[in-house]
Amino acid sequence: MDLTGQIANFHFNHILLNAAGVKCQTTAELDQVLASPYSGSVVTKSATPMTRPGNPSPRYYQLPEELGSINSMGLPNEGFAYYLDYVLNKKTDKPVFFSVAGLTKDDNLAMLMELEQSNFNGLVELNLSCPNVPGKPQTAYDFEATRAILTEVFSFFTKPLGVKLPPYFDMVHFDMIAAVLNDFPLAFVNTINSIGNGLAIDPHTDTVVIKPKGGFGGLGGSLVKATALANVRALRERLNESIKIIGTGGVTSGRDVYDLVLCGADLVEVGTQLMVEDTPVFERLEGELANELDKKDYQSLAEIRGKLQIIS
Ligand code: YRO
């Protein structure tokens with residue numbers, strides 16, 4: 001059974017890895033994901049130039065009935081230099097992803113310039129859910145701002161780069177973001193980040209469940225699966241073939257991984273369910289994925305990738 005994946009010139013022996021933000025803030029967590037025999041890679045917590053404590057707790061909450069999660073972490077991370085040191089000195093054959101999320105365009109450009117000039121030889125993921133200009137939406141919801149930063153980035157950046165995208169909910173928005181992304185030599189897009197600014201209430205106390213932002217936070221887990229599938233599918237139908245897709249969102253079973261691959265995912269990330277089960281989740285999901293393929297007499301993910309059937 002071939003459950004491997006490929007992005008640019010990077011080969012992944014397993015299709016699964018952590019979603020950025022989960023199990024990837026400290027070297028111990030990164031080591032644990034990399035040491036898992038069933039992870040294909042690891043992505044680092046999105047870095048800012050300096051270390052950040054993030055928002056006050058509670059800032060992550062597991063929703064009841066396995067619906068998913070809500071978070072407003074506020075980008076806690078150990079700072080760019082910490083992750084650069086980690087990826088330059090790690091002892092692994094797995095290709096790794098370095099995520100950056102500057103809170104300004106200049107911070108992003110500065111971090112990407114350092115990565116360009118370093119000996120880093122993995123993939124870089126630019127998190128476009130960072131704020132852009134106060135009073136404007138996050139960068140990825142501002143198509144001209146997205147074009148502007150990618151234009152500046154690709155004026156100097158030559159290593160394999162992808163972008164992490166928030167979910168889109170309008171067919172014209174799929175057309176608009178794809179038209180921007182297709183103008184750049186991106187190695188991949190990763191879709192979706194959490195569904196922004198949901199709200200959950202504890203019925204016993206009539207209180208929100210997380211402290212930052214009056215309880216508003218990004219949604220992940222089962223409740224975002226249909227949105228994740230739609231975003232992978234819509235982007236696969238619109239993006240240049242050379243732009244690979246990492247499918248993220250709503251994975252709790254091997255069938256969920258299978259569905260993301262049917263929609264066109266090359267690799268699949270696990271966020272909320274990795275929080276729930278920790279790194280043993282990779283072995284369970286890969287086993288279930290293999291069973292799902294075997295049931296239908298497939299021997300490889302390549303046979304189903306992008307092969308979603310529609311009703312004529
Ligand atoms: O709160 C976070 O650190 C966070 N949570 C998410 O679900 N997705 C993200 O991309 C981030 C970091 C970026 C930002 C939302 C704080 C701008």
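**Figure 1. The antiparallel sheet.** In what order do the 4 strands of the open sheet with antiparallel pairing stand? The order is β4-β5-β13-β10. At the edges are β4 and β10, each with a single partner strand, so one side of each has no neighbour in the sheet. Direction ignored, neighbouring strands here are turned by 35° against each other on average. Angles are taken between axes, which are lines fitted to C-alpha atoms (for helices, over the stretch in contact), and run from 0 to 180 degrees between N-to-C directions. Strand β10 joins strand β13 (residues 216-220) in the antiparallel sense, over 3 bridges. Strands (E, at least two residues) and helices (H or I, at least four) are DSSP runs, numbered from the N terminus. Two strands pair if DSSP finds at least two bridges between them.

This is a predicted model, in which local features need pLDDT of at least 70 and side-chain atom pairs count only at pLDDT 80 or more, while totals for chains, interfaces and linings use all residues. Residues are numbered from 1 along each chain as its sequence is written, and side-chain values use heavy atoms, with hydrogens and water left out.

Figure 2. Strand β3 pairs with β15 (residues 267-270) in the parallel sense, over 3 bridges. L17 has E269 of β15 as its bridge partner.

Figure 3. How many disulfides does the structure hold? The count is 0. A disulfide is a pair of cysteine sulfur atoms within 2.5 Å. The sulfur of C24 has its closest cysteine sulfur in C130, 16 Å away, which is too far for a bond. C130 is likewise in no disulfide, and its nearest cysteine sulfur is that of C24. C24 is buried, at a relative accessible area of 1%. C130 is buried too, at 6% relative accessible area. Buried means under 20% relative accessible area, exposed means over 50%, and partly exposed lies in between (1.4 Å probe, protein chains only).

Figure 4. A search of the whole structure finds 1 cavity of 30 Å³ or more. Rolling a probe the size of a water molecule over the atoms shows where empty space is left. On a 1 Å grid over the protein atoms alone, a cavity is a set of points where a 1.4 Å probe fits but cannot get out; a pocket is an open set with protein on both sides within 12 Å along at least five of seven lines; lining residues have an atom within 4 Å of a point. Points are joined across faces, edges and corners, and a volume is the space filled by probe spheres set on them. The largest cavity has a volume of about 40 Å³. Its lining residues include C130, P131 and N132. T104, K105, N108, T139, A145 and I149 also line this cavity. Helices α3 (105-117) and α4 (143-153) each supply at least two lining residues. By class, the lining has 4 nonpolar, 4 polar and 1 charged residues. Ala, Val, Leu, Ile, Met, Phe, Trp, Tyr, Cys and Pro count as nonpolar, Asp, Glu, Lys and Arg as charged, and the others, Gly among them, as polar.

**Figure 5. The second largest pocket.** This pocket holds about 250 Å³ of space. It is lined by 15 residues, and R236, K244, G264, D266 and R305 are the closest to its centre. The lining divides into 3 nonpolar, 6 polar and 6 charged residues.

**Figure 6. Backbone exceptions.** Most residues other than glycine have a negative phi, and most peptide bonds are trans. A cis peptide bond joins S57 and P58, with omega about 0°. P58 lies in the loop between α1 (27-35) and β4 (60-62). Another cis bond joins T191 and I192, with omega about 15°. I192 lies in the loop between β9 (188-191) and β10 (195-199). In strand β10 sits N197, whose phi is positive, about 55°, although N197 is not a glycine. N197 is partly exposed, with a relative accessible area of 44%. D297 also has a positive phi, near 60°. D297 lies in the segment after α9 (280-295) and is exposed, at 61% relative accessible area.
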